[in-house]
Amino acid sequence: MLRSEQKPFDEIQGYLEGEKKVFILGCDGCAQSSQTGGMPQVLAMKELLEGAGKKVTGHTVIDFLCQKALVASRLRPLEDQVMEADSLLVLTCGVGVQSVGAMVQKPVHPGCNTISLGGSRGEWRGTERCLECGDCLLHYTGGICPLTACSKGLRNGACGGASDGRCEVSPEKPCGWELIYERLKEVGRLDQLKQFIPPKEWNKQRPRPELLSTSLWALEQRNESSEEGRG
Amino acid sequence: MALREAIESGKFVVTTEVGPLKGTDTSEVMEVAEILKGKVDGVNVTDQQSAVMRLGSLATCALLVQKGLEPVFLGIKNVLVISGDFPTLGDHIDAKEVYDLDSEQLIWTINQMNGGHDVAGNELQGKTDFLVGAVVKPVSDTDASTELQLAMMEKKISVGARFFQTQAVYEVDAFERFMKRAAQFKVPVLVGIIPLKSVGMARYMNKNVSGVFVPEELIDEMGKAEDKTATGLQIAARLINDLKDLCQGVHIMAIGWEKKVPELLQMAKLA
């Protein structure tokens, strides 16, 4: 599963600056169990945004936002609400935000940071990749992750090495930044390319010790301490 | 060689490259340095170019200072910031790529240091005073790449880049189109020149080097030439002349022909 935590509301409000109408999307998979994007969190976010003067054109929670086919089929009945919005706020992991970005021709904003568990575990993914960096940049990059779509993980733009739109490191894949450019153009947000992304807080990508703890780990700890006690 | 003064005065600037070799034998680099001394405004001392392990740029710069090439602290007043080549494209394919800063962030960091702060915001005892250069690819094969290059050029300037060196250019009209759009940034641009050595080299670059487009006429001209070296230099001199009014300088990447740079400058009437 991918563990996430909600971004500070101020940051989310910053993303929505200049926009009036938003559609909120949650996920009943990992985000629901992280308590960051299940229905209760979606409703709480709706209330916060309405309090901040935004119109929420609609909201829904889909089982697995990482599944693009599910995203498309579940959003179809809500198309009017989605298309009325200026953008979508997606309360889920980085994969979910990217898969929504790929299926809906609207700007997407991440409402959560995906935090590292120190190695991926059994999640159900499409082609989108999330590095669990703990500081989601998808707002700035048209919903395509520069850390995973660009072989060099560059945050501010392409390296200049691409040929015919193919990556110089892995020619079998497209240049991630050219994809980002095309997407930003499609959703009318090319101005984002001028936004300087400061050095990344890589510290946030380290797994927190408490997240590496499992019940088995807790049991081992208890056994070790009781053995010590006997000695 | 006072690159900063040259660039800031608005005069036509000439830079070239010295690439450290593999190993500890620095005689070649030193010999080239001696030949170039006083003939160019600045020299790029490349750092592990083409992702191939070589003597480092910093060590080589220090040796050049000992030769009296730039008598200031460590000799390094100017820094050119680029993303760099990926390890798997070089000779240490198992090395770990880092990229903890991208080129825009490194320019920003150096600008912070020039202002007396490190990347984390801590105060420095004594500021740096680097002149920061950056690179741009003026000719691209997709619209997305062209637009990204211009957007990034603007972003690099906004965080502290003061001049640009470009990828090698062979098509005057394509460079003119680029400069028409880049002129608004009002920053010195030094156009890149790589003298052609052979038909094979031109074809290799067309196939493998992003942003390099050698037109068929030039390849034909090289093919028909009896003295390839003379023709390669003539073409380079002609390009310099055709391009020099479009920008503020030229950056010559001689790739093994470093010792011929003074001759090329004479042919282009820049020396």
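Student: How do the axes of helix α8 (residues 176-186) of chain A and α5(B) cross, and within what distance do they come?

Tutor: Good place to start, and keep in mind that this is a predicted model. Two packed helices are described by the angle between their axes and the distance between those axes. Here the axes of α8(A) and α5(B) cross at roughly 90 degrees and come within 9 Å. Angles of 65 to 115 degrees count as roughly perpendicular, so α8(A) is roughly perpendicular to α5(B).

Student: Which residues in the two helices meet?

Tutor: From α8(A), Trp177(A), Glu178(A), Tyr181(A) and Glu182(A) take part, and they meet Ala144(B), Ser145(B), Glu147(B) and Leu148(B) of α5(B). By type, the residues of this helix contact divide into 4 nonpolar, 3 charged and 1 polar.

Student: How many residues does each chain give to the contact?

Tutor: Chain A gives 27 residues and chain B gives 30. On the side of chain B that touches chain A, the elements giving two or more residues are α4 (103-114) and α5 (143-158). The largest share of that side comes from α5(B), with 10 residues. That side of chain B holds 11 nonpolar, 10 polar and 9 charged residues.

Student: What does chain A contain in helices and strands, and why is it called as compact as a globular protein of its length?

Tutor: Chain A has 9 helices and 6 strands. Its radius of gyration is 19 Å, close to the 17 Å that the globule rule gives for 231 residues, so chain A is as compact as a globular protein of that length. Buried residues make up 43% of chain A.

Conventions
Residues numbered from 1 in each chain as written. Chains lettered and ligands numbered in written order. Predicted model: local features only at pLDDT ≥ 70, side-chain atom pairs only at ≥ 80, totals over all residues. Helix = DSSP H or I, 4+ residues; strand = E, 2+ residues; numbered from the N terminus. Rg over C-alpha atoms; globule rule 2.2 N^0.38 Å. Buried ≥ 20, exposed ≤ 12 C-beta atoms within 10 Å, placed from the backbone. Contact = placed C-beta atoms within 7 Å. Nonpolar A, V, L, I, M, F, W, Y, C, P; charged D, E, K, R; others polar. Axes fitted to C-alpha atoms, helices over the stretch in contact; angles between N-to-C directions. Parallel < 35°, antiparallel > 145°, perpendicular 65-115°, else oblique.
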